[in-house]
Amino acid sequence: MSGPTLLVGAVAYHERVVPIWEIFREYFSARDVPVDYVLYSNYERQAEALLDGKIDIGWNTNTAFVRIRHVAGEPVRILGMRDVDSDWATLVVTRKGEGVEKVSELSGTRLALGSRDSGHAAILPLYYLAREGLDAVNDCELIRFDTDLGKHGDTGDSELRVLRAVADGEAGAGAVGAPIWASLKAKADPLISGLEVQWRSEDYYHCNFTVLGSMDRAVADRWSAALLAMDYNDPSLRYAMDLEGVKKWLPGDEKGYATLTEAMVQQGYFG
Amino acid sequence: MNSPPQDTATRSIDAGDIEFGDGLEILLSTVFQAAEPGQTIDVATSSRSTALELPGWARSTGHSAERDWKETNGNGQRFVVRVRRGEAAPVLAPDLPSRGEPMPLRLGSQFHTTDLVNAAPERLPGSPDPGYGLIPLGAVPESGGPQYSWRLNHHDDLWAEEITDLTERASSAQWDATVDVPWNEALGLPDDVERAVAQVMTFIASNEYVALYVPSKFLPQVNSAFVDILMWLASHIHDEARHVEVFTKRALIGGQRGYALASTQMSLHSLLEEDDFSSASLLLNVLGEGTFIDLLGFISRNAPDAATAACARLAHRDEQRHVHFGISHVRRSQKLDPDSTPQLIGAVEARAAKLATLTGLSPVLLESLTILAAGSTRSASLRRGAAGVKELTRLMEVNRIRRLRAAGFDAETAHHLSELHTPNLM
Ligand SMILES: [Fe+2]
Ligand SMILES: [Fe+2]
């Protein structure tokens, strides 16, 4: 039997979001957990919609998730995340040959960061670097690229600017997410040919499908089970999963968001 | 960095100082493809930054990094990352079969198309999926590709016994319409003779267009699994393109222009309307190109200049292959399916009905052909030319019936069909 159609919110950070959700919509409806989708231009508006009950499920960045949980006033649930979200990390890169043994050696340099609402390219770098002994806010000159605000770094634009700043010598070091680095490396992008990784943060969680705790548990469980059953080796799904950058969906829980929560509190994101 | 783990990985690889972007991903890809999903592989590198990139590479290729540590030995230190192979198959297809026998060669290191088709690891399918992809012979298709919708999906409906040999012959018999004709020999004919030659050449060129368009129309309808049919049609198309070229060149070389006659246009239009492959083969290959063999033979023997003779001779060679295919194909179709005989006859009758207003070869053409054969407008020559054309008409009729008989029609039907053939010759 098929239940009521669930409304999923996603942010249109790229036009590929449409084919992804057209294919996913077909998939979920074939699994008797029909969904429709609504696209938002920014995560703030989508978070509001989830909190107001206008959508059932939100496909959130880690920053959006932490914010929603902070203001929800009720428990929230995670229904799944991509494999790539389960061990996301931030890298610090410099021009080749800098030989940075410890990040504290970066004291006094110009450090490039991505959009200030990006967990992986702005908030967490400052947090983790501080834990490693580099108080970047006070000891480095920060160069922030606040582009595509509201998209929480999804477009990758600010990270490309970070890398360009380092390559051009405008910055001495820069922080980016591990996935964008891996994808540029995979296509031997000349932008990073003169750069190398000096440091990698510990793993943390990135995006997830969020629902409010008040959502019917059985319905949520069925939807989550259908999500986790997506098979990358199924030819009808491979295209959409490639566009979404996922090979396997994982259940996900809240533990990987502890550091970001702490970082956002410390950095004053909740006022 | 952690300490080395107690347990050992399924396998390990020392990547030395090779980096991502310099071939490390290729090295890793071969190692990981050889491993089973779930197995662990220790990847060692002398570069710290490469070690820091390994988890990202692993994730983006569907694997996952589990832990990393540093080892120190006599050569200094190396960094090790343990990666668990994921379940994602790089290619959505069964494993490639193990290497088989090499393909057979003939004397002189020749690799014949017939042998390619006959010795391929899989036989050409008789009735493949109409959605079959653009998949070369013997390739293992990955699933998830786009669906096509081919119209012609039965090999028997398209094939002829000698098709690969004919294709092979077409390749070795290529010629060049730019240099293989002694073009300077065409210059300097008297006006009336040149006008006649230009008219006949224009007529032939018109007909070559339909010979080009008919196979061109069917080729994109043919199921992509039929590589033999595709190669044959492509060779036919290529031949006809060159015929259009060579006869257009001969028509215009002397500065004279000719008419594209409406009767010719009508005839060709009715031929291009035929949508059944075998019926089109009967109309074009057996009847049209068959009749043209006689016409081209006549011109090569009677042309007033060596260039015109060469054009006709070179095209004549190609037409023999086209006619050979048609006769063989139509004969086989009738043998396989006796019901196809009335259908083939019906196609000739239907076309004849459309061309009911055409009676006999256009006078313009008859006149030009006569002057071409006469080589001048002197009355003695004209008499000889006229006799030649009359003999040609008789020869065309006789040979047309002979070809129809060879294509499997009984004597009475062969006469009937020959009678119905377009007065336009093609
Ligand atoms: Fe031709
Ligand atoms: Fe031909």
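Donors are N, O and S atoms within 2.8 Å of the metal (3.2 Å for Na, K and Ca); water is not among the atoms, so sites may look incomplete. Four donors count as tetrahedral if all angles lie between 85 and 135 degrees; four count as square planar and six as octahedral if opposite donors are over 155 degrees apart and all others between 65 and 115; anything else is irregular. This is a predicted model, in which local features need pLDDT of at least 70 and side-chain atom pairs count only at pLDDT 80 or more, while totals for chains, interfaces and linings use all residues. Residues are numbered from 1 along each chain as its sequence is written, chains are lettered from A and ligands numbered from 1 in the order in which they are written, and side-chain values use heavy atoms, with hydrogens and water left out.

**Iron ion (ligand 2)**

- Glu240(B) (OE), Glu289(B) (OE), Glu319(B) (OE) and His322(B) (ND1) coordinate the iron ion (ligand 2) at 1.9 to 2.2 Å.
- The arrangement is irregular because the four donor atoms subtend angles of 93 to 156 degrees.
- The donor residues of this ion follow the sequence spacing E-x48-E-x29-E-x2-H.
- Glu289(B) lies in helix 8 (residues 277-302) of chain B and Glu319(B) in helix 9 (residues 306-336) of chain B, so the pair ties together parts that are 30 residues apart in sequence. Helices are DSSP runs of H or I with at least four residues, strands are runs of E with at least two, and both are numbered from the N terminus.

**Iron ion (ligand 1)**

- The iron ion (ligand 1) is coordinated at 1.9 to 2.2 Å by Glu208(B) (OE), Glu240(B) (OE), His243(B) (ND1) and Glu319(B) (OE).
- The site of the iron ion (ligand 1) is irregular, with angles of 83 to 138 degrees among its four donor atoms.
- Its donor residues are spaced E-x31-E-x2-H-x75-E in sequence.
- Glu240(B) coordinates both the iron ion (ligand 1) and the iron ion (ligand 2), which are 3.2 Å apart.
- Glu208(B) in helix 5 (residues 191-218) of chain B and Glu240(B) in helix 6 (residues 227-253) of chain B are 32 residues apart, and the pair links distant parts of the chain.

**Interface of chain A and chain B**

- In chain A, 23 residues are in contact with 23 residues of chain B, where contact means heavy atoms within 4.5 Å.
- The two chains bury about 1,800 Å² between them, 50% of it on carbon and sulfur atoms; buried area is the accessible area (1.4 Å probe) that two parts lose on being put together, summed over both.
- Four salt bridges are found across the interface, a salt bridge being a side-chain nitrogen of Lys or Arg within 4 Å of a carboxyl oxygen of Asp or Glu.
- Lys185(A) also meets Glu53(B) in a salt bridge (3.1 Å, N to O).

**Salt bridges over all chains**

- The count over all chains comes to 36 salt bridges.
- Arg25(A) and Glu22(A) form a salt bridge (3.5 Å, N to O); both lie in helix 1 (residues 17-30) of chain A, three residues apart, about one turn of the helix.
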